[in-house]
Amino acid sequence: MRSVVCVTQNLARTAGELRAAGHLPRGVKTEIRENLLAALREGRNPWPGIVGFDRTVLPQLERALLAGHDVVLLGERGQGKTRLLRTLISLLDEWTPVIEGSELGEHPLDPITPESKRRAAELGDDLPVVWRHRDERYAEKLATPDTSVGDLVGDVDPVKVAQGRSLGDPETIHYGMLPRAHRGIIAINELPDLAERIQVSLLNVMEERDIQVRGYTLRLPLDVLLVATANPEDYTNRGRIITPLKDRFGAEVRTHYPLEVDAEVDLVRQEADLVAEVGDHLLEIIARFVRHLRESSSIDQRSGVSARFAVAAAETVAASALRRSALIGETPAIARPVDLESVPDVLRGKLEFEAGEDGREEEVLVHLLRRSIADTARARLAGVNLRALAEVVSDGHPVATGDRVHAGDLLAALPELPVLHEVAARLGAGPKDPVGRIASAVELALESLYLTRHLSKDNSSDDDRSVYG
């Protein structure tokens with residue numbers, strides 16, 4: 001709070017001071033356009049935290065904003081649509097003047113409601129001014145079937161009528177979210193879920209910029225950027241965007257899941273709250289697993305495989321490592337490939353399978369996870385000759401892993417081998433690193449040998465141990 005006071009204490013406090021400082025009102029779309037252009041010219045990233053859209057979605061969105069268009073983002077669940085919309089806040093001015101006490105946050109030099117116009121006429125240059133931060137100029141509404149016209153546009157306030165005002169008096173209106181977003185951004189998530197009659201109420205706001213409440217029209221030159229999200233599947237399952245409303249959106253931008261494995265890894269690393277160390281090779285396995293799921297005919301691709309699945313998978317792997325750390329006193333807690341086994345069981349409910357796959361869900365997930373492990377090992381250990389490791393294990397040095405197997409015990413089962421150091425180095429583990437980090441690399445090599453049928457792997461149900469031999 002103290003920093004906010006320091007920032008705003010030297011700014012204009014009345015309309016007269018604002019006018020004397022040469023301040024001129026400008027529309028929110030102009031404000032966004034100018035701030036976006038400034039960022040592009042200076043080489044600043046206007047989209048912090050947005051991963052994988054640099055060459056596809058962001059250029060399209062930037063063109064739409066520069067054109068001053070209202071925008072709908074169309075894409076499957078978990079593609080970062082809402083995150084992208086919230087990033088628009090950074091394109092607003094950090095502070096903007098508003099009339100103190102005004103219901104719609106109007107500009108002191110450009111009031112639009114009858115009450116604010118009256119106050120401006122009465123007080124003149126003494127009209128009090130406060131400064132609003134850009135975070136307060138973004139409103140978000142999740143479209144639900146029970147959303148009403150009053151929620152979005154407004155309704156007659158019976159309390160104001162009871163105070164003696166007539167029903168035809170514009171000051172009897174209780175404004176909804178759209179008018180209250182004046183001079184800001186309003187985002188409507190899952191727009192097709194709005195009933196069609198509710199969507200109709202948006203038509204005048206988007207085109208004529210006025211609102212209609214209970215039979216009379218209140219002309220308000222609303223200054224808003226309306227952005228929305230929609231899932232293509234919603235057009236047939238739960239609802240659709242009515243044609244006149246689609247026509248009023250200036251741009252429809254399609255989003256997508258990360259196109260590259262590295263982008264998926266970066267996204268997971270950014271978004272996941274990991275309670276233990278999870279190496280990049282394990283995150284790559286998770287990224288490849290998610291990509292295989294998105295390509296699998298066993299998964300209902302119409303509902304998609306959300307990026308939240310990858311994030312939850314990484315968090316589950318970290319939690320498995322933390323649990324092992326608590327059980328056997330292994331510190332620090334570092335994830336190993338064995339922790340990936342928890343992903344299919346825990347996260348199976350986050351996926352929609354095709355009807356013909358009933359009863360085969362776990363089989364499908366385990367198969368795709370093993371493919372992902374093999375693909376990652378092949379990519380990261382390319383050129384490393386693992387034959388010496390396979391021969392040692394086959395010739396009387398079985399290696400056990402599991403929830404209760406310490407990383408030190410896993411490494412102690414093997415003799416000193418140059419290939420182990422090479423494997424560890426390939427996966428970013430050095431000789432002075434924690435033993436768990438080295439064990440994680442070695443275990444990936446062992447799992448790769450098992451998946452390529454150079455080693456066997458026996459699972460014991462008694463103590464949840466797996467033995468490579």
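Start by selecting G43: just after α3, this residue takes a positive phi of about 75°. Before moving on, know that this is a predicted model, where local features need pLDDT of at least 70, side-chain atom pairs count only at pLDDT 80 or more, and totals for chains, interfaces and linings use all residues. Residues are numbered from 1 along each chain as its sequence is written, and side-chain values use heavy atoms, with hydrogens and water left out.

Now step back and select α3 itself, residues 28–42. Helices here are DSSP runs of H or I with at least four residues, strands are E runs of at least two, and both are numbered from the N terminus. α3 has 15 residues and reaches 21 Å from its first C-alpha to its last, close to the 21 Å expected at 1.5 Å a residue (the expected span is 1.5 Å times one less than the number of residues).

Which residues of α3 are buried? Colour V28, K29, E31, I32, L36 and A39. Buried means under 20% relative accessible area, exposed over 50%, and partly exposed in between, with a 1.4 Å probe and protein chains only.

What covers the buried residues? Show α4, β7 and β10, which are among the elements that do; contact means heavy atoms within 4.5 Å.

Next, select the sheet. It is open, with five strands in the order β4-β7-β10-β1-β11 and parallel pairing; two strands pair if DSSP finds at least two bridges between them. At the edges you'll find β4 (138–142) and β11 (251–254), each pairing on one side only. Zoom in on β1 (residues 71–74), which pairs with β11 over four bridges in the parallel sense. There, L74 has R254 in β11 as its bridge partner.

Angles run from 0 to 180 degrees between N-to-C directions, with axes fitted to C-alpha atoms, for helices over the stretch in contact. α4 (residues 57–66) lies across β1, β10 and β11, running at about 170° to β11.

Last stop: R308, in helix α14 (residues 307–328). R308 counts as exposed, at 54% relative accessibility. Leaving out residues up to four places away in sequence, R308 touches R77, G78 and K350.
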